[in-house]
Amino acid sequence: MLQRLRENKSTQGTLLALPTTVWLFILLIIPLFLTLVISFGKRSPDGNVIYTFTLNNYIRLSGYTTDCPDGQATCFDPLYLQILGRSLSLAFNTTALVIIMAYPLAYFIARAHPKQRNMFLFMVLIPLWTNFVIRVYAWMMLLRKEGAINIIIGWIANFLHIPFQPFEMLYTPGAVLVGMVYEFLPFMILPIFTSLEKIDTSLYEAAADLGANSIKTFLRVTLPLSMPGVVAGTILVFIPVMGTFIVSDILGGRQVILVGNLIQRQFLDARDPTFGSAASLILMIMTLIVTYFYTRKFGFGEEIVAA
Amino acid sequence: MSKSNLFKMLALFVIASMALAACGNGAQATEPAADGPKVTSTGFECPAAEFPMEATSTELNIFVWTEYIPPDMIECFELVSGIKVNRDEYSSNEEMYAKVSAGGSNYDLVQPTDYIIALMARQSLLQELDHAKLPVMANFDPNYLDFEFDSGNKYTIPYQAGTDAIVVNTDAVETVPASWADLWNPEYAGRMVFLDDSRAVIGATLLTLGYDVNTTDPAQLEEAKNKLAELVPNVKLFDSDSPKTALIAGDVDLGITWTAEALIAQQENPAIQYVYPTEGAILWQDNWAMLTDAPHTDAAYAWLNYTMQGNIFWMMLRDFPYTNPNKAALDFAKENYADLYDAYMASPITNTPAEAVQNGHRISDVGDATPLYDDIWVEVKGQ
């Protein structure tokens, strides 16, 4: 029996994959199925799930309602669509900014002397040792009215005898964007670095021999060959940003509701797990659609595996 | 950099962080209780149990609000009873309810606020208390017993009480608000912190309009939504975890907070005042309740009787000064810690004035209308 197993590679593979498969089945497939079932249910007055089949939760998400204030038969209120739209645009903006900031840094690290590279990568990773939420709180200390940034600018202004009003930075959309970009930057730097590092230097020499200047070399050689890293980084950044609400809660002062907040509220304050389940599924489907079109255009980014 | 090097580095991080975590655990190990007087790690000498209870359990699982139980209280109970207390914490009633109603939580005692008690009882999550096993009930001021949310204290006994009202830095504003309606004053735009609590904020709006805080009338709620929509852009931040921080740091100058937050802010900056609005503040009370599937009821009764006795519960005045329903504790403080007692009695924040209580409103569960309130909240914030 053991002998046969030793020879049979495919059985070995199955056995090795078994724990993960069971894990995924119990913690991913079953909950997902439950979410689907609950999303077609109804809320009881006490906030329990009544199992039935109704599309009401999805209709409510779409904005159409028969429960109009002024007595019309149906009316349209794009509230939830706006929330979804806002989350999407925040995710797009964050991802775009992260790419713009991460690429030059990754390029710099990849081109550094191998001995320094370790050092630089180490520095990129150090912040990740600290808990995510604590790092966001640190930004609060920096951004608040009597925070570090305003104090330092105040000193300089005082020194130069310029009148100074402290900037209102904390609890603004800008603060949220800064926090998001900061949190997700390493997840873009690492995959881009990996794909840049793999580029064979003889390709640059060949480009130079053929008369390409440095801009042309970058556009025709470096950028296309590093695209898998950018794609992988985008997936690693975009998907979590879509569902995150901690950063916007802490740095944005909770004035803005993102789709993550909406879902969380349904399971806590509103005690409406049916609507929360429907919103979760829609979020997942939306993320899948965006990722699908993105990867169809740019490939799946093998760097996810490599990174 | 080669991949194997990267892995080595990562492995090193993991080992280093595990070593650090191990150190943390080691430091927390408790020493075995010595004979003689039982003294906590802060040097507090624990009094004996006034109402000793038979308990065979060796553990007690409590699920409580964050920052709400004095460490000395837990340590003394452990030293005197020999029962180990396992504590988990939550920061909203909804969070507690979600965890407890999912079942299998294994908790003995929870600390629900008034409005969620009826709901928990209807869901059969709470067990009726055996008053014969609670001689400590005699310690409470009757004004804090037998409320509508739990008549006859069938399921709960009081812990602490408080209010949600207006807090204002009188040095920073031109006019000090006197009512909920005053919050709409354009002077306050961008200078307010509100609790991130839909029922409290919508409740204040309903009171401004002259409606009941627990209305389920869709027309009144629609009106409140439109009224609140005017105010929300003026709110700089919503924070239910620590609204005092922004107030003390000067990021905001006024807002809606609860008792202890206002008191701590005032201790930091005496210009910060607590205003009971003319339409009436929101009153609340936190309570102890025992879960239906509590595994250690004997330990739970021992805990309630011991921690609520006057010579233990006085320390709430020292550590978490809310409105204290425990008469025995106040009497004990009066005799032994006069300065604490005087400060408590003198402050209108902790010692809520009688007219503010009379004028106040209590939030209750609104059943089917709960999603309506939530929709208002999502809509006014999402605009």
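Is B:Trp314 buried or exposed, and what is its relative accessibility? B:Trp314 counts as buried, at 2% relative accessibility. Please keep in mind that this is a predicted model.

**Aromatic pairs**

- Over all chains, the structure holds 32 aromatic pairs.
- One of them joins A:Tyr107 and A:Phe218 edge-to-face, with 6.2 Å from centre to centre and 75 degrees between the planes.
- This pair links distant parts of the chain, since A:Tyr107 belongs to helix 4 (residues 79-111) of chain A and A:Phe218 to helix 10 (residues 214-243) of chain A, 111 residues apart.
- A:Tyr107 is partly exposed at a relative accessible area of 25%, and A:Phe218 is also partly exposed, at 27%.
- In chain B, B:Trp314 and B:Tyr337 form a stacked pair, with 3.8 Å between the centres and 10 degrees between the planes.
- That pair too links distant parts of its chain: B:Trp314 is in the loop between helix 10 and helix 11 of chain B, while B:Tyr337 is in the loop between helix 12 and helix 13 of chain B, 23 residues apart.

**Charges over rings**

- B:Arg199 places its charged end over the ring of B:Tyr373, 4.6 Å from the ring's centre.
- B:Lys227 lies over the face of B:Trp184, and here the distance to the ring centre is 4.8 Å.

**Helix 12 of chain B**

- Which residues of helix 12 (residues 327-336) of chain B are buried? They are B:Ala329, B:Leu330 and B:Ala333.
- Viewed down the axis of helix 12 of chain B, these buried residues fall within an arc of 100 degrees, so they line one face of the helix.
- As background, an α-helix has 3.6 residues a turn, so residues three or four places apart point the same way.
- The packing partners of the buried residues of helix 12 are helix 10 (310-313), helix 11 (315-319) and helix 13 (338-346) of chain B.
- At the start of helix 12 of chain B, B:Asn326 brings a side-chain oxygen to within 3.3 Å of the backbone nitrogen of B:Ala328.

**Domains of chain B**

- Chain B is divided into domain 1 (53-161 + 284-351) and domain 2 (163-282 + 357-381).
- The C-alpha centres of domain 1 and domain 2 of chain B are 27 Å apart.
- Their contact takes 15 residues from domain 1 of chain B and 16 residues from domain 2 of chain B.

- Where is A:Thr172 found? A:Thr172 is in the loop between helix 7 (148-159) and helix 8 (173-197) of chain A.
- A:Thr172 is partly exposed, its relative accessible area being 26%.
- The side chain of A:Thr172 reaches the backbone oxygen of A:Met169 at 2.6 Å.
- Leaving aside neighbours within four places in sequence, A:Thr172 is in contact with A:Leu251 and A:Gly252.
- From A:Thr172 to A:Ile257, the separation is 85 residues in sequence and 13 Å in space, C-alpha to C-alpha.

Technical notes
Residues are numbered from 1 along each chain as its sequence is written. Chains are lettered from A and ligands numbered from 1 in the order in which they are written. This is a predicted model: local features need pLDDT of at least 70, side-chain atom pairs count only at pLDDT 80 or more; totals for chains, interfaces and linings use all residues. Side-chain values use heavy atoms; hydrogens and water are left out. Buried means under 20% relative accessible area, exposed over 50%, partly exposed in between (1.4 Å probe, protein chains only). Helices (H or I, at least four residues) and strands (E, at least two) are DSSP runs, numbered from the N terminus. The arc is that of the directions from the helix axis to the C-beta atoms. Contact means heavy atoms within 4.5 Å. A polar contact is a pair of N or O atoms within 3.5 Å; within protein, one must be able to donate a hydrogen and the other to accept it, and residues adjacent in sequence count only if both atoms are side-chain atoms. Rings of Phe, Tyr and Trp (its six-membered ring) pair if their centres lie within 6.5 Å; planes under 30 degrees apart count as stacked, over 60 as edge-to-face and the rest as tilted. A charge sits over a ring if NZ of Lys or CZ of Arg is within 6 Å of the ring centre and within 35 degrees of the ring normal. Domain bounds come from an automatic or database domain assignment.
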